[in-house]
Amino acid sequence: MPVEYAQQNPGLNHVGHRFPTPILITQLPSAVEELITVRFRTAVVTNRVVYVGNVHKTNQKGEATVEGDAMYKSSVNKFDTFADFRKIEASVADGDEIIKLEEFADRILQFKKKKMHLINVSQEIEFLEETFLHKGVSIPAAVCKTDYGVAWVNRQGCYLYDGEKVTNLLERKGLRLISSTEWGTTFTTANSIIGYVPNKRQIIVLKDCTTSSAGDIYLYDLITQSWTFGDSKIADSQAKTNFVNDWDGNLVCVHTSDTGTVVKWDDASDSSQGVNITTKDIDFGQPHQRKKIYKVYVSYKGD
């Protein structure tokens with residue numbers, strides 16, 4: 001009498017159809033059948049793996065789906081190979097979509113419009129480390145990478161992730177350096193962008209990158225931790241691309257309305273017939289007491 005073999009079903013023991021010979025599995029379905037083709041809005045490379053976000057996915061059957069809040073990762077050293085099971089979702093069906101991915105210190109910063117997810121990718125299995133509400137971005141150009149960490153801008157503030165914590169650069173020692181009305185209402189727009197000047201360790205926030213821009217900027221010095229406002233410092237008659245750093249480390253952008261002129265950030269001093277200096281509120285450490293100032297000395301350097 002021939003020996004019979006049973007196929008084991010999940011949750012049950014030796015229940016099912018009987019076969020005269022053992023069942024041999026020569027290839028797992030996930031090896032081929034779950035390969036997908038993806039188009040994506042944003043991508044980043046870290047640990048020899050590509051992570052893509054806000055994808056248009058097509059499976060082996062030709063079925064296409066759009067997954068705005070999903071992130072997929074490639075195989076190691078196979079930057080164009082993606083599978084359906086290598087999907088990472090920090091939040092699902094929350095009415096938001098991934099705008100920008102950036103990496104720093106074995107973390108991926110997943111920016112959505114309303115929030116930022118901090119995802120730890122130091123191990124084989126990624127995990128959500130923290131979620132920061134109200135720290136999302138409206139466009140990809142609102143995020144840049146510095147040698148101090150990742151910086152980004154929105155209507156609530158300008159932030160820096162240094163590998164350990166997220167800091168609002170508009171605040172220092174419990175004091176707000178720029179008022180919320182000035183920053184959120186007067187200055188920033190839905191098209192505010194950010195760039196980094198590496199040789200001077202400075203962050204530049206441009207008010208608007210569209211043709212309606214006034215060309216105003218705020219400049220933050222990472223060394224002195226101070227802000228400076230610049231009136232119409234970048235040509236305002238043309239739409240501009242995102243900021244990038246060229247091979248020399250210069251901060252550049254392209255004017256898209258003309259022949260694609262590349263413009264480099266230049267902070268060389270220009271002559272002026274008048275200077276208006278506005279200081280912070282000076283209370284001499286005692287804001288509740290009335291003071292009388294009899295003399296003020298102003299030191300300056302110029303021609």
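**Exposed surface, salt bridges and cores in a predicted model**

Ile293 is exposed, with 57% relative accessibility. Exposed here means over 50% relative accessible area, buried means under 20%, and partly exposed lies in between (1.4 Å probe, protein chains only). Ile293 sits in the segment after E23. Strands (E, at least two residues) and helices (H or I, at least four) are DSSP runs, numbered from the N terminus.

The structure is a predicted model, in which local features need pLDDT of at least 70, side-chain atom pairs count only at pLDDT 80 or more, and totals for chains, interfaces and linings use all residues. Residues are numbered from 1 along each chain as its sequence is written, and side-chain values use heavy atoms, with hydrogens and water left out.

Ile293 belongs to a nonpolar surface patch of about 580 Å², together with Ile282, Phe284, Val296 and Val298. Patches are made of residues with over 30% relative accessible area and no salt bridge; like charges are joined within 9 Å, nonpolar side chains (Val, Leu, Ile, Met, Phe, Trp, Tyr) within 5 Å. The protein as a whole exposes about 19400 Å², and carbon and sulfur atoms supply 51% of that area. Accessible areas come from the Shrake-Rupley method with a 1.4 Å probe; for residues, only the protein chains shown count as cover. Asp266, in the segment after strand E23 (261-264), is also exposed, at 55% relative accessibility. Its C-alpha lies 9.1 Å from that of Asn250, 16 residues away in sequence.

The fold contains two helices and 23 strands. Of its 303 residues, 38% are buried. Contacts (heavy atoms within 4.5 Å) were also examined by sequence separation. Among those between residues at least 6 apart, 38% join residues at least 24 apart.

Salt bridges number 14 across the whole structure. The criterion is a side-chain nitrogen of Lys or Arg within 4 Å of a carboxyl oxygen of Asp or Glu. Glu67 is buried, at 12% relative accessible area. Lys87 is partly exposed, at 32%. Lys87 also bridges to Glu89, again at 3.3 Å, N to O. Glu89 is partly exposed, at 36%.

Another bridge pairs Arg201 with Asp147, their closest N and O atoms being 3.3 Å apart. Both residues lie in loops, 54 residues apart: Arg201 between strands E17 (193-197) and E18 (202-206), Asp147 between strands E11 (143-145) and E12 (150-154). Arg201 is partly exposed, at 29%. Asp147 is partly exposed as well, at 45%.

The largest nonpolar core has 47 residues, of which Trp152, Trp183, Ile203, Val205 and Trp227 touch the most other members. A second, separate core holds 10 residues, including Val49, Ile88, Ile119 and Val121. A core is a set of buried Ala, Val, Leu, Ile, Met, Phe, Trp, Tyr and Cys residues joined through side-chain atoms within 4.5 Å.

The average is 86, and 87% of the residues score at least 70. Over residues 5-17, pLDDT stays under 50, and the model has 18 contacts beyond four places in sequence for them. Where pLDDT is low, the predicted coordinates should not be read in detail.

Definitions and conventions:
pLDDT = per-residue confidence, 0-100.
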